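My notes follow the order in which I looked things up.

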Amino acid sequence: MDVLFLSRLQFAVATYFHFLFVPLTLGLSLLIAIMQSLHLRTGNEEYRAMAKFWGKLFLINFVIGVVTGITLEFQFGTNWSRYSRYVGDIFGPLLAIEATVAFFLESTFIAVWAFGWKRLSARVHTLSIWLVAIASNISALWILIANSWMQSPVGFVVKKGRPVLNDLVAVVTQPYAILTILHTLAAAYVVTAFFVMGISAYHILRKQHGSFFLRSFRMGLILGLISSLFVLAEGHMHAAMLAGAQPAKMAALETHWETSTYAPVYILALPDQENARNSIQIGAIPGALSVLAFHTPSAEVKGLRDIPAGERPPVAAVFFSFRLMITLGLLFALLTIVAWFRRNKLESSPWLLRILLYAIPFPYVTCALGWTVTELGRQPWIVYGLMKTGDAVSPVAASQVGTSLVAFILVYSLLGIAAFGLMARSARQGPQRTPVPVHSGKEA
Amino acid sequence: MLETIWFLLWGILWALYFMLDGFDLGLGTLMPFLGKNDTERRIIYNTMGPFWDGNEVWLITAGGVTFAAFPGTYAVLFSAFYSPLMIILFALIIRAAAFEFRGKLPGRAWRSLWDGCLALGSFVPALLFGVAFANIFRGIPIDGEGVYQGSLFTLLNLYSLLGGLLFLLLFLVHGALWLAVKSEGILQQRAIRYAKSLWLLLVIVAVLFLAHTWFETDLYHNYRLIPALFLIPLCAVLALLLVRAYLSQKTCVKAWFASCLVIICVTLFGVMGLYPNMLISSMNPAYNLTAFNAASSPGTLKIMLVVALIFVPIVILYQGWVYLLFRHKVHTEDLQSDEAY
């Protein structure tokens with residue numbers, strides 16, 4: 001196995017793992033900030049208890065998200081040094097801005113949140129939760145702007161063989177970045193919503209803790225309904241934008257080989273990359289792909305055959321990931337709609353609660369599928385149209401990367417088991433009934 | 001000019017990182033020795049509780065700024081130091097998990113496991129940052145293409161190991177002082193005792209390192225050109241003596257601040273000696289990466305300068321506020337809170 005393959009695998013492992021923790025950081029921080037604000041406004045102690053209970057889960061999740069993020073930033077230098085040298089002028093500032101503008105805020109105020117319950121006025125303390133929520137979302141925004149630039153490089157001129165930044169505003173405001181941000185944040189909120197609904201469902205099924213989890217469920221449901229419907233609508237705009245920005249990825253999404261008008265979507269297809277065709281294609285819906293890409297059935301959609309064989313992404317992986325992502329996304333919307341109509345009859349809908357409990361992992365899987373489509377669909381490019389992944393890898397020894405890859409898999413597996421194990425344990429325990437007494441005397 | 005400003009900022013960011021994360025790396029390493037039972041250990045964890053995460057972001061920023069302002073350096077440095085950097089990253093990961101996970105379960109084996117992770121995860125970066133910077137000062141085999149031609153063992157030489165030991169001891173003293181500031185009673189006495197003994201070792205290693213630097217590196221070149229720069233190492237020496245003086249008076253807060261100054265001056269001593277180089281090639285001086293040949297375009301440097309000049313002071317302000325907010329000594333009753341480590 002060569003350095004390129006090992007480095008790609010390592011980056012994939014590190015990214016998938018990192019993104020198991022990011023969505024909850026983005027969404028749950030917002031929900032907790034809202035809970036705490038509701039406590040402040042209504043004086044209802046239950047909201048405070050909710051902020052405490054969900055906060056406990058949040059903190060376990062948060063720390064793993066932070067440390068696995070550091071390894072991603074450093075891997076650009078360790079494993080992708082030629083890429084780093086090539087794009088440093090544009091990609092570097094985006095990461096540096098993320099750290100100075102957002103990540104500092106997030107990591108500093110998480111401590112104020114966790115340790116400041118008794119040291120600050122309720123108002124300032126609530127503000128610190130909001131700051132964590134806002135900062136983590138801004139942090140995601142800058143990272144996604146950086147990723148979008150790799151997908152759709154803009155705002156640069158080439159000098160001495162390297163892209164040099166000449167329009168930061170274009171980089172930050174390009175439609176690709178904005179849609180990616182909306183898509184990813186909405187998906188993160190879906191993860192959060194199902195997490196909150198699922199854990200609440202567990203306790204409602206056991207008829208314990210009374211209104212605590214009915215209230216939590218309701219908040220998760222509102223978030224879930226809005227975000228899962230939004231992500232569908234936005235996903236449609238997303239596809240339309242891809243048709244312009246990355247025709248190869250667009251064609252791979254629906255395993256579309258021949259450039260054609262009235263381009264179809266097949267209900268069932270099996271791509272055959274070697275022979276540049278589908279070995280099976282059943283149930284064509286004529287014009288559906290044209291509508292998806294250009295909003296009109298007669299539009300011409302570029303097929304993969306018109307893209308040089310060396311510049312086609314791995315079609316099967318992209319196609320199946322995309323299909324599965326869409327299917328799951330539709331199911332999430334359906335589930336939240338059903339739950340919305342049963343929202344006042346939850347206790348008499350054990351079937352729904354059970355489905356929602358077991359649904360917790362699926363939005364996570366959907367996020368992973370989404371990243372697979374995004375990143376594999378861009379291949380063989382690391383920066384679309386500018387630099388190929390094969391030219392980006394560091395001049396390091398395969399043995400070095402092999403060793404670190406094994407270490408990543410081992411450490412991350414153990415860490416993942418510990419983190420999710422602790423979260424499951426805290427989730428099952430439920431909220432603390434009585435506040436922990438504060439002792440003034442000395443204790444052993 | 002822009003390049004020089006960024007080189008200075010780059011050095012200052014690393015200095016701030018070492019000053020801030022230094023105490024929690026040092027205290028993490030000392031934790032098994034300073035904390036004799038679970039309560040003492042929990043006190044030690046909680047003295048670092050609200051700070052370690054925010055401190056670590058200075059590393060991310062130092063890394064990010066290297067990427068943004070000096071992509072040439074970022075690319076070559078990080079790939080040349082592949083293995084040590086990976087080891088540092090894994091150390092930082094298990095260390096962060098130790099903070100968050102240790103207190104979540106009561107079992108003795110569980111807590112010992114994470115205590116081990118905290119100590120190892122703190123010791124390794126403290127040592128390896130020193131090894132890395134000593135190698136940067138001394139030079140490593142980089143060819144004309146920026147490809148590292150050595151192995152992991154090239155990086156482990158007497159000088160770099162001495163550098164590692166220097167950083168480790170700087171951080172250990174810094175960490176022991178932090179505990180002395182944040183605790184009381186037996187734990188504080190023990191921390192002061194450790195700080196005193198480690199201080200002596202630090203002085204010995206510092207003298208050895210400075211002497212070795214004369215023979216192994218060109219760091220003193222800039223100092224001979226501009227003798228006024230000698231104020232920086234002089235300041236380091238004075239601050240180091242102040243640490244000991246304050247320790248004798250048991251004015252721990254002042255001793256800790258003096259120790260901050262030591263770390264800042266030691267880092268700047270190296271950085272100022274290095275200028276304009278950022279990574280020295282031991283194969284050929286023409287292959288050196290400098291603030292000029294490794295920098296981003298002037299446009300990017302300008303944008304980043306604006307961002308840094310606005311946001312870094314803001315960060316310092318709110319982090320300073322957090323340090324003030326949690327400046328109290330950690331008592332056993334602080335351990336009762338739900339969120340305490």
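**Conventions.** I am working on a predicted model, where local features need pLDDT of at least 70, side-chain atom pairs count only at pLDDT 80 or more, and totals for chains, interfaces and linings use all residues. Residues are numbered from 1 along each chain as its sequence is written, and chains are lettered from A and ligands numbered from 1 in the order in which they are written.

**Chain A overall.** I counted 14 helices and eight strands in chain A. These are DSSP runs numbered from the N terminus: helices are H or I with at least four residues, strands are E with at least two. I looked up the extent next: the C-alpha trace spans about 75 × 50 × 40 Å along its principal axes. Of the 444 residues, 51% count as buried (20 or more other C-beta atoms within 10 Å of the residue's own, with C-beta atoms placed from the backbone).

I turned to β4(A), residues 265-272, and β5(A), residues 277-285, which pair antiparallel over seven bridges. Pairing requires at least two DSSP bridges between the strands. Tyr266(A) has Ala284(A) in β5(A) as its bridge partner. Four residues lie between the strands, and Ala276(A) in this hairpin takes a positive phi near 50°.

**Helix pair in chain B.** How do α5(B) and α6(B) cross, and at roughly what angle? The axes of α5(B), residues 82-101, and α6(B), residues 108-138, come within 8 Å and cross at roughly 150°. Axes are lines fitted to C-alpha atoms over the stretch in contact, with angles from 0 to 180 degrees between N-to-C directions. I listed the contact residues, among them Ile87(B) and Phe101(B) in α5(B), and Trp114(B) and Leu128(B) in α6(B). The residues of this contact divide into 18 nonpolar, two polar and one charged.

**Between the chains.** I found 56 residues of chain B in contact with 60 residues of chain A (C-beta atoms, placed from the backbone, within 7 Å). On the chain B side, α12(B) gives the largest share, 13 residues.

Technical notes
Contact = placed C-beta atoms within 7 Å. Nonpolar A, V, L, I, M, F, W, Y, C, P; charged D, E, K, R; others polar. Buried ≥ 20, exposed ≤ 12 C-beta atoms within 10 Å, placed from the backbone.
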